[in-house]
Structures are given as structure tokens and as C-alpha cells.
Amino acid sequence: MNEKNKNLVIRIVSGVLLLPIVLWLLFKGGLYTAALLGLASAICASEYYLITQKTLTPAAWVGMGLAGLLPFLAVRAPERTGEGAFWVTAFFLLFAFTYHLMRGPLQDAPTRVAHLVMGFLYGSVGLTALCAVRLMPDGMAWVFAALVITWANDTAAYFAGRFLGRHKLYPAVSPNKTWEGFFGGLVGSVGGMFVSRLLFPVFTPLDCVFLGVFGGILGPIGDLCESMLKRAYGVKDSGRAIPGHGGILDRIDALLFNAPLVFVYLTFIRGLLA
């Protein structure tokens, strides 16, 4: 078996083993979901730190710990998740500045502080939003919506780009993405939401169009942003957390942008459009 086929087998086995566990923990809700997303948040933060700083300093470990803590804030009061996240972020910002003020190196301190806070936010905000969504009424349906607008977009974009792709979307960041793939993915996100109505009647046609369209835009942006990060630091994969797939950031970069979209939609927008 050559290396390419071996890697494909590893990818398939990893997916078959991990996906049921992830879906079960999301279905259970509560602390089960918070534990899953807290662990993923901490790993995402660690991947960011290793990409940008090549090592995990004591301050980075604090950032990883707080990133892992953030989803648990949603368990008691999901509607106040943003308030709790604000104070945790404020604490970590002060901690990061104080740490590098005392430990140095002073010439690089502002950049290191910025990366510490950015890694914490990048790793935790999207997954904390997803945890809060799960704990809302009909939460599993809306978590499913976040997954559908992400996965349907990715799948449709791949096939549209492969068979119809002619015009490059952003070759400086991702040479293989095309405008045809982008619009194919947009159709996939909207179509995926309408198909999901068969399982979750709670979705209205307006929900399907709004989340499908904006998720079809934000998801690719999240994908491109992670590609930009890796390209800036000359990294192929964000990590090795998932055998055959790379890091967790590689798998959920689009979801990290789409989950907050669903949270904001449910919390602020849906009621205004009803």
C-alpha cells in the first residue's frame, strides 16, 4: 500500500471512530457537550500557539486552560455566555501583559501578548457559541444547522470547484479554491438547510435562507483565514490531533465562524425577523 492510500485509510478510520462519539456528546448536551467543546477549544488554542510561537509557554498553558473553561460558562446560563466570556477575556489580557512585563523578552512582548489573546479567542469563541446554542430551546436542531451549513457548503464547493471551477477565488491564500466552488457551496448551504427541515420542522424557510446564505459566506472566510495563518508561518497542517486529518483547526475552521452566526441569529436576529 502506497503512502497516499495508507493516509486515506487512516482518514476514513479516524472519521468512522470519532464522528459517532462527537455526535453522541453533542446529543447528550449539558456537561457532556461542554467537556467535548472545552477540550476542542484548548487543543485549538494550543495549535494556534504552536503555529505562531513554536512552543507552549506557561502563559500559553493558561490561555489553553481558559479556552477549555469557556464552554462551561454556557452550561448554567447560555444567554449570559457573552458576559462571562468578556470577563474571562479581560482577565487573560491583563495576565498576558503582566506575564511578559515580568518575564520578557521586552522587545517582543506586545506581539507575544497579541498572539496569546488571539489564540485564546480563536480557539474558544466559536466553540463556546456552539455550546450555548446546544443549551438553548431546540438546541440540538440548531447545532445541526451550524454543522449543515458548514459541511454542505464544503462538500458542494468541492464538487462545484472540481467540475466547474475556472476562476480562482483567492490564489495568494488558497490556490485551489474557485468562484464557481464558492457559489456552489453557497447553494449547498441553503439547500442543506431546506433538506434539514425534514428532520427539524423548527426551521422556517427564512431560517434556511438566512443561515444558508450567511453561513455560505462566513464558512469560506473562516477556511481562508486559517489558510492565511498557515501560509504566513509556512505550516501545512495546524497539528496532528486527528490521525490522517491534521489538526482540529484544519477540520473546524469554517465552523468556528458559523457557530457564532447561529448564536447571534437565535439571540438577536430571529425575533426581529419573525
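Author: A salt bridge is counted here where a side-chain nitrogen of Lys or Arg lies within 4 Å of a carboxyl oxygen of Asp or Glu. The model is a predicted one, and by this rule the count comes to five salt bridges.

Reader: What makes Glu 226 and Lys 230 a salt bridge?

Author: The closest N and O atoms of Glu 226 and Lys 230 are 3.6 Å apart, and the cut-off is 4 Å, so the pair meets the rule. Glu 226 and Lys 230 both lie in helix H9, four residues apart, which is about one turn of the helix.

Reader: Which residues are linked with Lys 230 in a network of salt bridges?

Author: The network of salt bridges joins Glu 226, Lys 230 and Asp 250. Besides its pairing with Glu 226, Lys 230 meets the side chain of Asp 250 at 2.9 Å, N to O. This second pair links distant parts of the chain, since Lys 230 belongs to helix H9 and Asp 250 to helix H10 (residues 248–252), 20 residues apart.

Reader: How do you know whether Lys 230 is buried or exposed?

Author: Lys 230 has a relative accessible area of 13%, and buried means under 20%, so Lys 230 is buried. Asp 250, with a relative accessible area of 9%, is buried by that rule too, and Glu 226 is likewise buried.

Reader: Why does the pair of Asp 223 and Lys 177 tie together parts that are apart in sequence?

Author: The two residues form a salt bridge whose closest N and O atoms are 3.4 Å apart. Asp 223 lies in helix H9 and Lys 177 in strand E2 (residues 174–178), so the pair ties together parts that are 46 residues apart in sequence.

Reader: Why is Lys 177 called partly exposed?

Author: The relative accessible area of Lys 177 is 25%, and partly exposed covers values between the 20% limit for buried and the 50% limit for exposed, so Lys 177 falls in that class.

Reader: What is the span of helix H9, and how does it compare with the Å expected?

Author: Helix H9 (residues 205–232) has 28 residues and reaches 40 Å from its first C-alpha to its last, close to the 40 Å expected at 1.5 Å a residue.

Reader: Why is H2 said to be largely enclosed by the rest of the structure?

Author: Of the 24 residues of H2, 17 are buried, so the helix is largely enclosed by the rest of the structure. H2 covers residues 30–53 and reaches 34 Å, close to the 34 Å expected, and is followed by Lys 54, whose phi is positive, near 65°.

Reader: Which residues have the most contacts inside the largest nonpolar core?

Author: They are Tyr 49, Phe 120, Trp 142 and Leu 211, in a core of 60 residues. Helix H6 (residues 109–134) gives the most to this core, with 11 residues. Tyr 49 touches, among others, Leu 56, Met 64, Phe 92, Leu 116 and Phe 120.

Reader: What makes Thr 81 count as buried?

Author: Thr 81 stands at 5% relative accessibility, under the 20% limit, so it counts as buried. Thr 81 lies in helix H5 (residues 81–103) and touches Ala 74, Thr 128 and Ala 132, leaving aside residues up to four places away in sequence.

Conventions. Residues numbered from 1 in each chain as written. Predicted model: local features only at pLDDT ≥ 70, side-chain atom pairs only at ≥ 80, totals over all residues. Heavy atoms only, no water. Core = buried A, V, L, I, M, F, W, Y, C linked by side-chain atoms within 4.5 Å. Buried < 20%, exposed > 50% of the residue type's maximum accessible area, 1.4 Å probe, protein only. Helix = DSSP H or I, 4+ residues; strand = E, 2+ residues; numbered from the N terminus. Contact = heavy atoms within 4.5 Å. Expected span 1.5 Å × (residues − 1).
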